[in-house]
Amino acid sequence: MSNLRLLLSDPQIAPRTTPRMPLGRYLIKAGVISGKDLVHALDLQRHVDAPLGEILIAEGLADRHHVLDALGHQYAAQRVDLRRDPARATLSHHLPVGLCLKFRAVVWAELGGALLIATSRPHEFETLRLALGDRVPSILPVIADEQQIQEEISRLYGVELAQKAANRVPAAISCRTWNITGRSRSIWAIAALGLVLLALVLAPLWTVTIAILWAFLTLLMTTTLKAAALWSQITHKTAETPPPLSLPHALPYRLPRVSILVPLLKEKEIAGALITRLTRLTYPKSLLDVVLVLEAHDNTTKETLARTELPPWISVIEVPEANRLTTKPRALNYALDFCKGSIIGVWDAEDAPEPDQLDRVVSRFHNAPDNVACLQGILDYYNSRANWLSRCFTIEYASWWRVLLPGVARLGLVIPLGGTTLFFRRSVLEDLAGWDAHNVTEDADLGVRLARRGFVTELLPTVTYEEANCRLWPWVRQRSRWLKGFLITWCVHMRHPLQLLADLGWMRFIGLQTMLLATVSQFLLAPLLWSFWIAVAGFAHPVETTLGPVALWSMVVVFILSSTLNLGLSLLATSGKEHRHLMWWVFTTPFYFPLGALAAIKGLHEFVVSPFFWDKTEHGVTPEPETAAPGTAGRQKIADKAQLRLTGS
């Protein structure tokens, strides 16, 4: 236990009579660093927005304990160990949680009427004093490790922050107001199903025809969108993006700090591989703030991390239990308050980003207009050769991320964000109140809210490699969550359709209906569309009886053209060098997409009985290649050279 209380019986602020010695000189005097090390760190500080101590730690030039000791000498403040001598919970009300998070400080103890506040940033202490005003009579600093301060904030204010994380998004644009505990949802669902069954009994042909008409209408919507996106891609070649400037070249601006949120849940083996992948990043580690986010009850991930040595630029946040809600967006909301960066990114546990990804993100945000609030990277799979399912999944992703979504972005439509490789301006993300903690496709919902507020999402030509779901039932579970989330997002934003139309305009409004409602409808009603093959085979079809042969064969032609368009999109998406080995597998995808119908049925059932249930995707099934991703060996050599330049080796 610290003996600080014995040393300071009547703490007072003594006037400084001599100038404060710079931190670097303290460390040289203590023999921690050499003059050459200090020159290197100071040169780096001219280009990055980080304190000298954090640069020295991140560059491996000084130990964290040595830096904290030097800060204690520099500011005449005592070092404390918050794990051995925790902060007093009875004093936490003196410092609001907002100030704790802003200044990375916590009230540690009280002596002689003065509050002793633990901080790792003593240079901000006077600003904290001004922010407190007359709330407390006197405050004095003590020096503590920032990770320990973070843990104390979670311990003292965790319940309050967890409640805030669950209810961060206003109720008017959240699904959390839905009543899922009573029987009303089930009663409505049973009533709707009963009406459909009654209609089938009373007028079977017309009931089937009406359902087929809706399936055909949504097919027209999705086919038109795909054709327009493809045409936009063909007629407008993407300009080559110049590589971002990197150190040691002179930069026209100081590089900002970037925080990356990595939510983890029940991860057994992924932590070590994740850290290896993140270490390859070329962005200065002194500006990198990677936050591993895990649930407080997740002992599996805790044990995994306990066996893993974390670098100083990686921290761990445990999200307290609250309202029996365990979702990725709630965890992201909770961890957002602990982030240090002005740019907030999200990666998944199994992600393998390209080494220069953050350099590109920072460069684009610096050069982009202020209304560009989000950058979405391209997602791909590193285990595309695992089996047939992973091959088809990779083909589907290539079509979406490399052909369709760029076309959608060029058309100016709403982009439903992916759940990873997302980067936000922090100010905008906080202004939008973060993620909807109850929505299982929080990414798509956030994309819609960004568009409604007039912000722009751009696609960035940088790739993150993931692990394709290569087992049947886990694939169905993952896809059912996505489809359920699309339906939830559509219901939330269609509460006031006229307001949505006013926010988006006609073109984007129809585009949103296509990407959300029509997509779900296509998966649910796919068997009705497949019935057109019956007519092709020469058998009688219900539509021919009700609407006549002209209507039937018009639908059949559109259906066949749509199927041909899907094949063409997939062939175009896999024509590049990295996916060329998948081109022949494109012709097997008609047997892959029927799995989506099963997932849609599961998703619709959960939409009724458990809309907030998060069906987690399992990671670590397929071993990751040594090069981290197909075709990245050359990039890795460049990354290694860049890292050598950064460290001055």
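**Exercise 1.** How are helix 18 and helix 20 oriented to each other?

*Solution.* Begin with the geometry of this predicted model: the axes of helix 18 (residues 472-493) and helix 20 (residues 506-524) come within 9 Å and cross at roughly 130°. Angles of 65 to 115 degrees count as roughly perpendicular and those over 145 as roughly antiparallel; helix 18 and helix 20 are therefore oblique to each other. The next step is the handedness, and the crossing of helix 18 and helix 20 is left-handed. Turning to the residues that make this contact, helix 18 contributes R479, L483, F486, L487, T489 and W490, while helix 20 contributes Q513, M515, L516, L517, T519, V520 and F523. Sorted by class, the contact of helix 18 with helix 20 has 9 nonpolar, 3 polar and 1 charged residues.

**Exercise 2.** Describe the packing of helix 18 with helix 25, giving angle, handedness and contact residues.

*Solution.* Helix 18 packs with helix 25 (residues 594-609) at an angle of about 55°, and the two axes lie 7 Å apart. Angles under 35 degrees count as roughly parallel and those from 65 to 115 as roughly perpendicular, so helix 18 is oblique to helix 25. The crossing of helix 18 and helix 25 is right-handed. On the side of helix 18 the contact includes L472, W473, W475, V476 and R477, and among the residues they and their neighbours in the contact list meet in helix 25 are L595, G596, L598, A599 and K602. By class, the contact of helix 18 with helix 25 comprises 14 nonpolar, 3 polar and 5 charged residues.

**Exercise 3.** Which strands pair with strand 9, and in what sense does each pair run?

*Solution.* Take strand 11 (residues 456-466) to start with: 8 bridges join strand 9 to strand 11, and these strands run parallel. Within this pair, V372 stands opposite V456 in strand 11. Strand 9 also pairs with strand 10 (residues 422-425), here in the antiparallel sense and over 3 bridges, with L422 of strand 10 as the bridge partner of Q376. It remains to ask how far strand 9 (residues 372-381) is covered, and the answer is that 10 of its 10 residues are buried.

How values were computed. Residues numbered from 1 in each chain as written. Predicted model: local features only at pLDDT ≥ 70, side-chain atom pairs only at ≥ 80, totals over all residues. Heavy atoms only, no water. Axes fitted to C-alpha atoms, helices over the stretch in contact; angles between N-to-C directions. Helix = DSSP H or I, 4+ residues; strand = E, 2+ residues; numbered from the N terminus. Left-handed = near helix turned anticlockwise from the far one by under 90°. Contact = heavy atoms within 4.5 Å. Nonpolar A, V, L, I, M, F, W, Y, C, P; charged D, E, K, R; others polar. Buried < 20%, exposed > 50% of the residue type's maximum accessible area, 1.4 Å probe, protein only. Pairing = 2+ DSSP bridges.
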